[in-house]
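Thank you all for making time this morning. I would like to walk through one structure slowly, beginning with a single residue and then widening the view.

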Amino acid sequence: MSEFITVQVGQCGNQIGGAFWPLALQEHGIATSKPITQQQRSRYNDAFHSFFWSPSDVTGASYKTLHDLESAKVKARAVLIDMEDSVVARFRRGPLRKLFDETLLLTNYPGSGNNWAEGHHTHGSSYESRIVEVIRRAVERCDHLHGFLLMFSVGGGTGSGLGTATLKLLSDYFPDVERFVTCVYPSGHEDVVTAPYNVVLATNILLEYATCVLPADNKSLLDICAYLQNRKESNESAKAVAASSPYEDMNSVIVNMLLNFTSGSRFPGSLNVDMSELSTNMVPYPKLNFLSCGLTPLGFSSSQILPVPKQVEPWARDHQLLKIDPLAGTLLGATLLSRGNVTLSDLRYNVSRLQNKGKFIPWNQDAIKVGLCSVAPTGHPAAHLSLLNSTSMGGFFSHIGGQFDRLYRRKAHIHHYLQVDGFSNSEFVLSRQSLLDCTSHYQHLTTTQNAVLDRLQVV
């Protein structure tokens with residue numbers, strides 16, 4: 001069975017991890033806060049080892065409670081890194097504290113000061129050997145390591161700087177292992193004035209070293225949470241939604257995406273997709289590795305997911321975790337991943353609808369990767385995830401580049417970066433140029449598609 005190691009970096013990355021592990025345990029019928037019904041228990045407990053490690057060979061079927069996990073010395077396949085201790089300390093004190101190996105937790109004080117250069121160069125250099133060592137320790141516990149799942153934000157200092165430094169280390173030391181990055185982009189209204197610098201510098205590294213990037217932004221996540229809360233206002237569960245933190249809800253949306261993303265590599269299925277196939281099918285050109293993710297049904301946790309609609313459109317704009325409309329651009333690649341009670345005719349119908357609605361690149365008109373996993377999300381009949389490589393991503397790059405330009409043309413705050421050993425002004429220039437190159441490439445591909453359509457209309 002495929003195994004994954006999560007690498008949680010910075011405050012945001014570890015908060016996503018805080019939402020990830022309870023939901024991952026629920027998929028195996030292990031209660032974290034409330035009892036799990038028999039119907040919710042997974043029948044495929046061999047997949048337990050995809051995210052969890054045990055010194056014995058006992059399958060997940062032997063574990064029903066957190067006490068069972070503690071008795072068996074089960075540990076999450078997780079590396080937790082942060083340059084301040086506040087969020088990681090919650091793992092050490094929380095109900096899942098025994099699930100995490102203390103030797104795989106790496107913290108420091110007082111953080112990276114919202115400075116990408118501080119996180120990437122200062123902490124990246126001084127902690128390189130320790131980061132490699134904790135990751136190597138996690139890798140040695142794997143028999144069939146399938147990939148790394150990295151989680152961090154790109155607006156602050158530690159997540160963007162040290163997160164991308166860790167990504168480079170994984171590329172250097174484990175070049176044959178897939179590196180999937182889930183990163184959160186700021187909405188533009190945060191109180192981190194240097195966020196545009198951090199975003200562009202981090203994005204340049206993501207374009208270069210990540211296998212695939214599954215981005216989300218705070219604006220889309222907030223809109224999804226507001227939509228779900230409005231839908232539930234008439235239900236009793238609205239009280240639970242209102243009582244929870246907005247950031248907890250936003251993180252849970254990301255986690256539901258990740259669990260669906262990895263389900264085909266963890267559980268059995270008639271048309272499962274090996275995640276190592278994704279980069280081949282979805283990334284036709286170097287550095288065009290950002291994928292727009294759409295999920296249906298939307299939800300915060302396994303008990304709050306809305307019913308699956310009759311017409312499934314995970315590619316719809318209001319279901320995207322990033323504020324773009326993927327179907328407004330040209331599609332370079334598409335993958336539809338379904339799990340649960342979904343028939344082959346349902347899949348064919350969804351493929352046909354996407355082909356009719358999307359504008360595909362001429363040499364990839366019919367190539368839609370399809371996956372079907374037998375195991376549904378906990379307590380729900382089915383779920384669908386769309387992964388689209390769209391030229392609409394060029395507009396997103398233009399937007400974050402424009403925010404960078406407004407700050408950089410005034411040379412505001414750059415002295416904080418230039419005073420960091422190892423950082424030079426050329427990194428600003430090269431990173432910005434990298435985004436311009438990607439934007440130009442997307443525009444060229446869109447022009448190619450339009451030229452083909454024009455020729456067809458003439459004929």
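This is a predicted model: local features need pLDDT of at least 70, side-chain atom pairs count only at pLDDT 80 or more; totals for chains, interfaces and linings use all residues.

**Starting from Ser 153**

Leaving out residues up to four places away in sequence, Ser 153 touches Cys 12, Gly 159, Ser 160 and Val 184, where a contact means heavy atoms within 4.5 Å. Residues are numbered from 1 along each chain as its sequence is written, and side-chain values use heavy atoms, with hydrogens and water left out.

Ser 153 sits in strand S6, which covers residues 145–153; strands (E, at least two residues) and helices (H or I, at least four) are DSSP runs, numbered from the N terminus. Is Ser 153 buried or exposed? Ser 153 is buried because its relative accessible area is 16%, and buried means under 20%, with exposed over 50% and partly exposed in between, using a 1.4 Å probe and protein chains only.

Let me turn to Glu 3, which lies in strand S1, residues 3–9, and which counts as buried at 4% relative accessibility. Not counting residues up to four places away, Glu 3 touches several residues, including His 49, Ser 50, Cys 142 and His 146.

Now to the chain as a whole, which has 15 helices and 14 strands, and in which buried residues make up 58% of the 459 residues. Among contacts between residues at least 6 apart in sequence, 82% join residues at least 24 apart.

Of the helices, H1 (residues 10–26) is mostly covered, with 14 of its 17 residues buried. In helix H4, residues 116–126, the buried residues include Trp 116, His 120, His 121 and His 123, and Asn 115 caps the N-terminal end of H4, with a side-chain oxygen 2.9 Å from the backbone nitrogen of Ala 117.

The largest nonpolar core has 64 residues, and among those touching the most other members are Ile 81, Phe 148, Tyr 185 and Phe 428; such a core is a set of buried Ala, Val, Leu, Ile, Met, Phe, Trp, Tyr and Cys residues joined through side-chain atoms within 4.5 Å. Helix H7 (residues 195–209) gives the largest share of this core, eight residues. Apart from it lies another core, of 58 residues, among them Ile 16 and Met 151.

Finally, how many disulfides does the structure hold? It holds zero, a disulfide being a pair of cysteine sulfur atoms within 2.5 Å. For Cys 183, the closest cysteine sulfur is in Cys 12, at 9.4 Å, so the two are too far apart for a bond. Cys 183 is buried, with a relative accessible area of 0%, and Cys 142 is buried as well, at 13%.

Technical notes. A polar contact is a pair of N or O atoms within 3.5 Å; within protein, one must be able to donate a hydrogen and the other to accept it, and residues adjacent in sequence count only if both atoms are side-chain atoms.
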